[in-house]
Amino acid sequence: MSVVGTTGGGTGRSPRGGGFTHPIAFWTGALTSTAGVFLHLPMYFGSRDMGYHMAGMAPDAPMVIGMVMIVVGLGLSFYGVVPRAGRSISRNARRISVRALDDAPLRAPHVALALAMALAVTIDVMKPTALAFVAPGMAAEYGLRSPANPHGDVPVSWLPLFGITGTVLGSFLWGWLGDRIGRRASIIMAGMLFVTTSICGTMPGFGWNLVMCLVMGMSAGGMLPIAFTLLAETIPSKHRGWLMVLIGGDIAGAYVITSWLAGWLTPTYSWRVLWLVGLPSGLVFIALNRWIPESPRFLLASGRQAEAEQVMARYGAVAREIPEQEVEPGREVDRGGTFLLFRRPLVGPTTAITVLGLGIGLMTYGFQLWVPTNLRQLGYSAINSDYVVRNAALIGLPLTVLTAWLYGVWGSRRTIVATSAVTGLTLLGFVVAGDQLAHDRTLLSLLLVVPLSGVSSVVAVVISYAAEVYPTLVRSRATGFAAGMTKAGGVLILALTVATATVPSLAGTALLGAVPLLAAALAFLWIGPETRSRRLEDISDQLVPGRP
């Protein structure tokens, strides 16, 4: 089946070496970077007698050599995955649309891909989630200003601000890279950054922690949009929505794992160990590449016809060539960038997604981020506060399954409205109760269930919705925009926290998150298109600019 011509360098054969353009360069870079990370560990273990406090220590020779090896290794790995004739591939991709057959059943490859993506999303989300559990210990070691140390000079809020800013930048960067170098290559490079940024746990100075946290955030910011775009192109429509929500909802699972690790490991190995777990989890992430296919659309655009046909046959997908009159909007995307999403007729869903994304960011990085810190301020010990959060997130896991079921049966728009409204109203409960919750641990745990599990469900729903509602020509960029908006509210609240040099209270952050969530529920009720059981092309018919 010939959909488009090749880029001039495609042979129709899958490149050897695991699908990488230059496999020797990639694996050499991966080994070099990993060895560089291991060279940071002697200094960390050498601080064992000091409780793993490394503040004020000068980097030793192995650490410096390791940093150089990481930089060189990342450069080699990136060269190893970047395809030849990237610009030609991008131009060809505009002329191709790939979708899963509507009546295709879920097959073993679908299940394997879903499991791989679920594990990838869990590992990805553990990065920003760890910020909540790292902040108290880091504040104590570096003498940063926090509720436990109100007389410190530098606010601990700088750490999450750098991290979340990185995730916003990463959402846009990886959305763009997904179209340039392919979905699979982008996922693999994100895994490489997971491995290398684990050295944040060995940085002696707070400034270095900020830099590494920014890079770590950039690596974590793009996984959801890339994963969901790939799933939208390979999962049959009748299973697509609920399955993406279920996978995205594993954010709650990441919160459970991170809070459990914090309660188990940090009393012995300090807060730094929560960053160091990025080394083994990142290596697992890279190992998943065997079960992650490249997007058939990207393969066709790069001239790898036979490999594309194999992938489409495996996942029950078909491709079609887009008529020239429908390709022009793709050129407008390159000229107009993300601002095209705010023009008619895309402005409706984009506005609703923006409002909801801001609410998610305010709730996640205003309310949820500071829950462990605020619980300690209310009188809970470090271990007890971590376990209170873990228990609440664990109890809320079934809500993620319920949300996925509602998305598939009840419809995307009504599910978004319901989850946003319920989460917003629960946050108002914290506003009413205030600090009195410190005296009722049961009520506190029950109230925490909805925000901690609800935020993961709402994030999963909004990114799944963006992966479905936008046309193929703008889907990757639009999904990256949606993911970025879920972090943008966090940048706003954290910038405010840094400016005021105080950690906001439970009631204050709950109110900031509740207002936009309730506003988003009304917006989706008014202007959000329904996507349930509809082909991607049918959804796009009313949205693609210039489509007849």
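Predicted model: local features only at pLDDT ≥ 70, side-chain atom pairs only at ≥ 80, totals over all residues.
Reader: How should I read the packing of two helices, and at what angle do helix 5 and helix 13 pack?

Author: In general, two packed helices are described by the angle between their axes and by the distance between those axes. Here helix 5, covering residues 108–142, packs with helix 13, covering residues 278–287, at an angle of about 150°, and their axes are 10 Å apart. That angle makes helix 5 roughly antiparallel to helix 13, and the crossing of the two helices is left-handed.

Reader: Which residues in helix 5 and helix 13 meet?

Author: From helix 5 come L119, A120, I123 and K127, and these meet G278, S281, V284 and F285 in helix 13.

Reader: Turning to the cysteines, what is a disulfide, and how many disulfides does the count come to?

Author: A disulfide is a covalent bond between the sulfur atoms of two cysteines. In this model the count comes to 0 disulfides, where a pair of cysteine sulfur atoms would have to lie within 2.5 Å.

Reader: Is C200 buried or exposed, and is C213 buried or exposed?

Author: C200 is buried, with a relative accessible area of 0%, and C213, at 2% relative accessibility, counts as buried too.

Definitions and conventions. Residues numbered from 1 in each chain as written. Heavy atoms only, no water. Axes fitted to C-alpha atoms, helices over the stretch in contact; angles between N-to-C directions. Helix = DSSP H or I, 4+ residues; strand = E, 2+ residues; numbered from the N terminus. Parallel < 35°, antiparallel > 145°, perpendicular 65-115°, else oblique. Left-handed = near helix turned anticlockwise from the far one by under 90°. Contact = heavy atoms within 4.5 Å. Buried < 20%, exposed > 50% of the residue type's maximum accessible area, 1.4 Å probe, protein only.
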